[in-house]
Amino acid sequence: MPDSDPPAPPRRRNVVLVGFMGAGKSSIARLVARALGFEGVDTDDLVVGAARMPIHRIFRTQGEEAFRDLETAALLSLAGREHLVVSTGGGIVLREENRKHLRATGFTVWLSATVEATYERVRHNTARPLLRVPDPRATIAEMMAARAPLYRETADLHIDTSQLSMDDIAYGVTESARHAFSR
Ligand code: S3P
């Protein structure tokens with residue numbers, strides 16, 4: 001018998017949103033949750049609740065790896081639940097273990113935006129420690145290029161949000177999820 005991975009656990013009736021910082025995951029998750037009658041959950045919020053401190057302070061006092069451990073624990077805490085729309089932190093796809101769990105959690109959608117649109121959305125927000133750098137535009141471009149294959153490998157569907165309204169994006173996610181759940 002050749003070595004092979006065990007079969008993936010069955011996919012559940014949840015919607016999972018992945019993508020880079022500033023892609024609109026949280027806002028879209030709220031709209032999709034309302035449309036489907038599902039509960040919205042945000043892995044960043046779960047991490048903040050567990051650590052009882054804001055993300056930038058977790059990074060500063062405990063480091064990125066500690067944040068990533070909390071993020072993985074947050075994702076695992078959703079195992080077995082259904083009827084959720086899960087909005088995730090942009091770096092959740094960095095760990096292979098997380099990518100596997102994301103796929104098993106539900107119908108997964110990658111929301112992408114251009115470097116410029118992302119920069120415009122995040123430039124006035126200081127809550128993201130990884131973008132507190134001298135040249136955030138260059139950092140966004142580098143990180144986005146490095147992560148794109150990971151988002152692609154994780155997601156069932158990719159939506160380029162550049163030319164779309166929030167309502168259009170939410171509609172696309174909602175109807176695609178309905179279709180996936182009906183199969
Ligand atoms: C991160 C994205 C953030 C948050 C943390 C790290 C990343 O979430 O999890 O600052 O590595 O891209 P958002 O994508 O919701 O901003």
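Which polar backbone atom is 2.8 Å from an oxygen atom of the ligand? That atom belongs to Gly 90.

The model is predicted, so local features need pLDDT of at least 70 and side-chain atom pairs count only at pLDDT 80 or more, whereas totals for chains, interfaces and linings use all residues. Residues are numbered from 1 along each chain as its sequence is written, and side-chain values use heavy atoms, with hydrogens and water left out.

View 1. A polar side-chain atom of Lys 25 lies 2.6 Å from an oxygen atom of the ligand. For Arg 147, an N or O atom in the side chain is 2.6 Å from an oxygen atom of the ligand. A polar contact is a pair of N or O atoms within 3.5 Å.

**View 2. Packing of helices H1 and H8.** Helix H1 (residues 25–36) and helix H8 (residues 166–182) have axes that come within 9 Å and cross at roughly 50°. This makes H1 oblique to H8; angles under 35 degrees count as roughly parallel, over 145 as roughly antiparallel, 65 to 115 as roughly perpendicular and the rest as oblique. Helices are DSSP runs (H or I, at least four residues) numbered from the N terminus. Axes are lines fitted to C-alpha atoms over the stretch in contact, and angles run from 0 to 180 degrees between N-to-C directions. The H1 residues that meet H8 include Ile 28, Leu 31 and Val 32, and their partners in H8 include Ile 169, Ala 170 and Val 173. By class, ten nonpolar, two polar and two charged residues form the contact of H1 with H8.

**View 3. Packing of helices H2 and H4.** Helix H2 (residues 43–51) packs against helix H4 (residues 64–76) at an angle of about 110°, with the axes 9 Å apart. The contact (heavy atoms within 4.5 Å) involves Thr 43, Asp 44, Leu 46, Val 47 and Ala 51 of H2, together with Phe 67, Leu 70, Glu 71 and Ala 74 of H4.

**View 4. Packing of helices H3 and H4.** The axes of helix H3 (residues 55–62) and H4 come within 7 Å and cross at roughly 130°. H3 and H4 are therefore oblique to each other. Among the residues in contact are Ile 58 and Phe 59 of H3 and Phe 67 and Arg 68 of H4.

Note on methods: Helices (H or I, at least four residues) and strands (E, at least two) are DSSP runs, numbered from the N terminus. Ala, Val, Leu, Ile, Met, Phe, Trp, Tyr, Cys and Pro count as nonpolar, Asp, Glu, Lys and Arg as charged, and the others, Gly among them, as polar. A polar contact is a pair of N or O atoms within 3.5 Å; within protein, one must be able to donate a hydrogen and the other to accept it, and residues adjacent in sequence count only if both atoms are side-chain atoms.
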